[in-house]
Amino acid sequence: MTAQLPVESISKLSELHPKPNHIRFQYGTAGFRTLGNVLDSVLFRVGILAALRSKRLDGKTIGVMVTASHNPEHDNGVKLVDPRGEMLEAAWEVHATSLANAATTSDFVEQLEALIRSAKIDLSKPARVVYARDTRPSGPALVAALEDGFKAIGADARNAGVTTTPILHYFVRSINTKGTKNEYGEDSEDGYFTKLSSAFKKLVTGKPQLPPLVVDCANGVGAEGISKISPYLGESLTLIPHNTATTTPGALNNACGADYVKTSQKLPPSLASVLKPGQRACSLDGDADRLIYYYLDDRGQFHMLDGDKIAALVAAFIVELVKSAGLEGEIQVGVVQTAYANGSSTKYLAEVRSTHLFVYRMRDRVDRLSSPQRLPVRCVPTGVKHLHHAAEHFAVGVYFEANGHGTALFSPETQEKLESHEPTTPAQSTALNHLLSLTRLINQTVGDAISDMLLVETVLAHKSYSGLEWDSLYVDLPNRLVKVVVVDRHAFKTEDAERRLVSPKGLQAKIDDLVKRYDGGRSFVRPSGTEDVVRVYGEAVIKSQADELAFRVAGLVYDETGGDPATRPKEFI
Ligand code: 16G
Ligand code: MG
């Protein structure tokens with residue numbers, strides 16, 4: 001007898017979680033994300049969808065994370081994690097959206113049945129899920145709705161409690177690889193912290209100890225991660241956590257955190273009296289999957305080291321290790337960025353060899369480590385899933401968004417090569433061991449602020465770099481980001497990894513005309529995947545010009561799309 005959908009229990013519980021009228025939900029770049037107080041029905045339905053996804057994948061464990069990342073505290077959201085710890089497959093994003101928008105319980109059940117038929121889901125398979133939430137006040141109620149979904153369909157669901165998004169991704173892969181030759185780690189927080197900290201300690205053994213690092217935890221779940229990992233790190237690294245008020249109403253991501261620092265290009269005010277000139281600091285975002293570094297120079301001036309700077313630091317380091325291990329030509333390192341990557345970073349990466357010569361000359365040392373190979377650098381559309389998939393095409397794929405989300409992926413073949421390679425000199429052996437430790441230090445399921453922080457600290461320790469020296473790898477081009485509220489952002493369609501507009505017709509040509517007038521000018525326009533706005537990026541050699549270019553393009557966007565001249569923002573020149 002084939003198993004049936006438990007329609008009765010689903011219907012009964014669904015009635016307790018009615019869909020609000022007049023709201024259209026969308027599974028976007030980072031799952032569902034909107035005001036926390038309208039998401040109840042979505043969470044219930046996602047619980048059922050996660051179970052079906054697990055059944056479809058033969059009972060593999062699926063992850064569910066309840067978070068709205070760097071968004072304001074009143075927002076919340078939910079996203080699904082596929083068995084290897086990666087983002088949900090795109091085709092299922094569509095199912096998620098339509099299920100979330102079914103108007104009534106009977107529509108919902110009908111759609112579930114249609115999905116079961118079309119995706120050929122065998123209901124007799126087990127459904128296994130692991131779920132977690134961040135520290136948002138709306139979290140517990142939303143988790144209760146999610147649990148009703150699990151109950152309705154009879155899923156075997158494990159509550160991972162309050163934890164960071166990357167730890168949940170780590171759990172998913174660890175659970176699904178348990179007992180296989182690809183075992184990823186122990187599926188507990190202790191397993192995670194032990195794995196990262198022991199790899200870190202191996203990597204920095206014998207290196208001069210770095211001064212303590214100030215960590216802005218965005219008043220979010222990262223505060224717990226930082227306080228938990230500190231004892232594991234012991235003397236290898238001292239962390240000084242700030243913005244750890246996870247229960248203070250309104251504090252989450254408020255004037256702090258990675259997104260605040262990146263978008264305002266400023267020090268969080270709460271660190272103004274804390275940070276001393278020359279001291280390194282970093283900010284996590286609300287669910288600890290983004291990381292931005294910074295420091296103050298001797299004059300107290302703020303300098304940001306964003307995702308692009310992290311990519312440059314890390315990619316060059318891995319290239320050097322590959323060469324030192326005698327694996328040059330066998331393991332190709334590549335970098336993936338988005339259109340938001342600073343033009344200088346792309347240039348630096350593409351010329352990694354000559355820049356190294358420059359850096360080492362500056363430091364009055366011989367350039368023994370630079371690689372004669374050029375680094376391939378790819379550009380893909382915004383959103384982690386695009387970067388992640390592109391990075392999988394390299395033997396080692398380093399990807400970072402300028403906003404601080406990123407990681408490095410070692411392909412299974414690379415992993416095997418590293419494990420079986422026979423070094424012929426002690427220097428090769430050391431480099432090989434470092435590479436192997438990196439595969440354990442780096443969270444290869446998704447960008448992870450805690451893991452990335454330890455990665456950056458590793459490179460800084462190896463190179464004896466301060467923030468200033470790291471910063472001088474290249475000089476950022478001034479840039480400006482502007483939001484434009486338009487009638488219909490879906491009218492904006494892009495091509496060439498979001499670098500050009502195909503619609504509205506004719507607008508791109510006007511942008512091109514403008515850009516030509518600015519020295520080192522670059523600008524692009526794309527609809528946001530997380531907010532109802534269109535985003536404009538402008539870059540130029542001089543700051544005032546970058547601002548002017550971005551605002552002029554924003555003005556073009558506003559006028560083209562029938563914005564009311566009376567409400568046209570004044571700064572749109
Ligand atoms: C989400 C994405 C992030 C992207 C951002 C863009 C994930 C996990 N996160 O936060 O990668 O940079 O959206 O937002 O995919 P936007 O479309 O509003 O500019
Ligand atoms: Mg985040």
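This is a predicted model: local features need pLDDT of at least 70, side-chain atom pairs count only at pLDDT 80 or more; totals for chains, interfaces and linings use all residues.
An unreviewed UniProt entry places the feature "active site" at Ser69. In the model, Ser69 sits in the loop that links strand E2 (61-66) to strand E3 (75-81). With a relative accessible area of 4%, Ser69 counts as buried, because the cut-off for that label is under 20%. Setting aside neighbours within four places in sequence, the contacts of Ser69 include the arginines Arg33 and Arg136. Asp134, Asp285, Asp287 and Asp289 also touch Ser69, as do Asn253 and Gly286.

Next up are helices H14 (residues 412-420) and H15 (residues 426-441), which pack with their axes 10 Å apart and at an angle of about 140 degrees. Roughly antiparallel would need an angle over 145 degrees, so H14 and H15 end up as oblique to each other. The crossing of H14 past H15 is left-handed. On the H14 side, Gln415, Leu418 and Glu419 make the contacts, and they meet Leu432, Leu435, Leu436 and Thr439 of H15.

That leaves H19, which covers residues 543-560. Among the buried residues of H19 are Ala546, Leu549, Ala550, Val553, Ala554 and Val557. An α-helix has 3.6 residues a turn, so residues three or four places apart point the same way. Asp547, Phe551, Gly555 and Tyr558 are also buried in H19. The buried residues of H19 pack against helix H18 (507-516) and against strands E15 (479-484), E18 (522-527) and E19 (534-539). After H19 comes Gly562, with a positive phi near 75 degrees.

Technical notes: Residues are numbered from 1 along each chain as its sequence is written. Chains are lettered from A and ligands numbered from 1 in the order in which they are written. Side-chain values use heavy atoms; hydrogens and water are left out. Helices (H or I, at least four residues) and strands (E, at least two) are DSSP runs, numbered from the N terminus. The expected span of a helix is 1.5 Å times one less than its number of residues. Buried means under 20% relative accessible area, exposed over 50%, partly exposed in between (1.4 Å probe, protein chains only). Contact means heavy atoms within 4.5 Å. UniProt positions are given in the numbering used here, feature names are shortened, and annotations may be inferred rather than shown by experiment. Axes are lines fitted to C-alpha atoms, for helices over the stretch in contact, and angles run from 0 to 180 degrees between N-to-C directions. Angles under 35 degrees count as roughly parallel, over 145 as roughly antiparallel, 65 to 115 as roughly perpendicular and the rest as oblique. A crossing is left-handed if the near helix is turned anticlockwise from the far one by less than a right angle, and right-handed if clockwise.
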